[in-house]
Amino acid sequence: MTLDLSATPEEVMRAVEALQQFGQAKQVPEKVLFGLALALEECGSNIVNHALQRDPHRKFRVAFEHTGDAVTIELRDPGPEFDPAAAPAVAAAADHDDRSPGGWGIQLVRRYMDDICYRREAGQNVLRLTKHLTPTKAQK
Amino acid sequence: MPLEIQIQKALSPQNAGAVTVKLTGSLDTATAPELERQLAPVLAGPVKDLVFDLAQLKFISSAGLRVFSTARKQLKERGGQASFIHMQPQIQEVFEIIKALPGVAIFKDMAELDRYLAARQRSHQENQ
């Protein structure tokens with residue numbers, strides 16, 4: 001499933017809700033789906049707030065896929081090159097700078113997703129998040 | 001999912017100075033700004049104890065945690081406290097991952113919270 005979204009917080013939540021419906025239809029366990037929805041919300045918010053500067057005329061794309069033993073979410077945006085997976089982990093209990101791009105967000109994505117893969121392709125940031133559904137891999 | 005915000009003052013005689021904020025739905029990038037807007041006049045007032053009732057909160061993201069963190073800091077500056085009650089397990093897990101809210105009090109039920117707030121009210125009065 002693929003969605004073309006405008007760079008607004010409401011559109012991020014439209015994608016999250018679509019993912020939740022998609023996940024429920026595929027009978028993804030609720031706890032896993034919560035983590036998937038949160039990871040999408042955090043990555044989508046970073047794209048809207050930082051990459052695309054909340055410009056409603058700019059677009060980004062979200063796609064989800066269920067392969068039977070994994071769910072993948074792919075986010076594509078035309079913003080400046082930025083690899084959120086390379087962002088340093090924020091020190092716990094530090095006073096967080098609220099303007100730092102996704103300090104807490106990426107921490108949550110790392111916790112709930114099994115794989116985070118970034119690449120730059122044809123002027124786009126492409127972020128692929130994977131959550132394994134089979135018990136042997138999903139040990140988090 | 002939208003966010004419903006209910007703000008109630010002085011629920012019981014034991015915690016007359018406390019304000020309770022009941023959240024229903026989703027506290028996320030789209031709804032967090034509205035919570036921030038509604039908390040601003042509350043935090044501008046004399047409140048020292050803010051209780052967030054999260055029984056009906058189904059989803060929270062870092063945007064929501066930032067609003068809580070700001071409220072916690074403002075309350076702490078005046079010797080106050082942010083407390084959380086009825087947190088659902090998946091919400092509590094998010095708090096634990098981020099550890100963004102050191103020193104906040106988390107309670108399972110109103111009886112536990114009432115005892116805590118009653119003790120704090122006595123402490124505020126003694127300090128005045």
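**View 1. Strands β2 and β3 of chain B pair in the parallel sense.** This view comes from a predicted model, in which local features need pLDDT of at least 70, side-chain atom pairs count only at pLDDT 80 or more, and totals for chains, interfaces and linings use all residues. Residues are numbered from 1 along each chain as its sequence is written, and chains are lettered from A and ligands numbered from 1 in the order in which they are written. Strand β2 covers residues 18-27 and strand β3 residues 49-60. Nine bridges join them. Val21(B) stands opposite Phe52(B) in β3(B). Strands pair if DSSP finds at least two bridges between them. Strands (E, at least two residues) and helices (H or I, at least four) are DSSP runs, numbered from the N terminus.

**View 2. Five strands of chain B form an open sheet.** The order is β1-β2-β3-β4-β5, with mixed pairing. β1 (3-9) and β5 (105-107) are the edge strands, and each pairs on one side only. Neighbouring strands are turned by 20° against each other on average, direction ignored.

**View 3. Helices α1 (residues 32-44) and α2 (residues 62-77) of chain B cross at roughly 10°.** Their axes come within 9 Å. Axes are lines fitted to C-alpha atoms, for helices over the stretch in contact, and angles run from 0 to 180 degrees between N-to-C directions. α1(B) and α2(B) are therefore roughly parallel to each other (angles under 35 degrees).

**View 4. Residues of α1(B) meet residues of α2(B).** Among them are Leu35(B), Leu39(B) and Leu43(B) in α1(B), and Val67(B) and Ala71(B) in α2(B). Contact requires C-beta atoms, placed from the backbone, within 7 Å.

Notes: Parallel < 35°, antiparallel > 145°, perpendicular 65-115°, else oblique. Contact = placed C-beta atoms within 7 Å.
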